[in-house]
Amino acid sequence: MIRDLAVMLAGGGECVSDLGTVRDQEALFGAVASDSTAFRVIDRIAVEPGLLEALRLAHAQARKQFWKLHGAPESFRIDIDATLITAHSEKERAAGNYKGGYGFHPLMSYADGTREALSGLLRPGNAGSNTAADHETVLDLALAQIPAEHIEDLEILVRADTAGATHGLLDYCREARMRFSVGYELTGQVRAAILQISKDAWVPALDQDGSARKNGEVTEITDMVDLSAWPEGSRLIVRRERPHPGAQLSFTDHDGYRFQAILTDQADEDIAMLECRHRQHAHVEDRIRDDKDTGLAKFPFKEFALNEVWLEIVMLAHDLIVWTQALALTGELAKAEPKRLRYRLLHVAGRLAFSGRQAKLHLQDTWPWAAELLSAFQKLKTLAAATG
């Protein structure tokens, strides 16, 4: 039942009743339970002790199989970020948020290299952005998703925006032997240090391909500010750039530049590379946007505990898409967002014919991506034979 719900969300569903899109194609998906049965399954997971954790464990076991087939990542970067989800006031623990809206404020984590969904924590709309305990919980859940045989060998980098710059989170990372890279507030001390930076201290920032950016420079001001309260080895790196034409400058900007700072304990000497690596944290916004197109945008139940289960199923659907892309697709389709993937492959018209107890799928040969879909089926058959 959980598998059918995840497949439904991967296909673009938004609520339990959208199971009808799967149930109505029994020749393709087999027997699918009714909406009421699906609700009872979710309700049981929500109320029976241990079942939510069992669902997370099943997700971790599937991840272990994916890593076995695809290969374990050489480096592991966990990106953490929160997002606001609008919800009706009747829903349990829905609350007003800092932007004036109403609903929930889940905190999510993803693996940057593989694009996998690692963990999520459903929270009321008024949950704090920089709550260290919530970040630690999300990290605990994320680490539990890493296969045990790899957890000791991976060098893990935890990335977050300024909400992650808390003593609790960074001390937690240090104790767990994980590196960190978080946004840092432009405090009065930092702004004063920026004014003292000499012109020749700035070096060009880097684009994602490693080339120098036309607009952007970085420098390190670790020795100019007091970082004694942060974990030993912490470094403060500042980036400046000219805002795009028409952009509004703020009181933290100076001399026509916009400044950003990051706090990290990475030991690399190339500060431009460190800043570029931190900027890749923005990928988490793409992952969250994908999930909002895969069931995250609507928490369909009144009870908070049921919506917690829903969040876990959303992450399963996320990984079903990502794993399929990694194992069966190439080129643009291997990185395509869910909406585009559904149009080109998942929702393509076809006819399933049966003869002699064998099923044969007929596809429109003029469909622009028919060859890619056929290749994907062939790769999946090879994988099934290898794991069977």
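## The largest cavity

Arg115, Asp290, Asp291, Thr294, His318, Ile321, Val322, Gln325, Ala336 and Pro338 line the largest cavity. Here a cavity is a set of points, on a 1 Å grid over the protein atoms alone, where a 1.4 Å probe fits but cannot get out, and lining residues have an atom within 4 Å of a point. Helix H11 (283–296) and helix H12 (304–328) are the elements that give two or more residues to this lining, and the largest share, 4 residues, comes from H12. Helices (H or I, at least four residues) and strands (E, at least two) are DSSP runs, numbered from the N terminus.

The volume of the largest cavity is about 70 Å³, where a volume is the space filled by probe spheres set on the points, which are joined across faces, edges and corners. By class, its lining has 4 nonpolar, 3 polar and 3 charged residues. Ala, Val, Leu, Ile, Met, Phe, Trp, Tyr, Cys and Pro count as nonpolar, Asp, Glu, Lys and Arg as charged, and the others, Gly among them, as polar.

The structure holds 2 cavities of 30 Å³ or more.

## About the model

This is a predicted model: local features need pLDDT of at least 70, side-chain atom pairs count only at pLDDT 80 or more, and totals for chains, interfaces and linings use all residues. Residues are numbered from 1 along each chain as its sequence is written, and side-chain values use heavy atoms, with hydrogens and water left out.

Notes
On a 1 Å grid over the protein atoms alone, a cavity is a set of points where a 1.4 Å probe fits but cannot get out, and a pocket is an open set with protein on both sides within 12 Å along at least five of seven lines; lining residues have an atom within 4 Å of a point.
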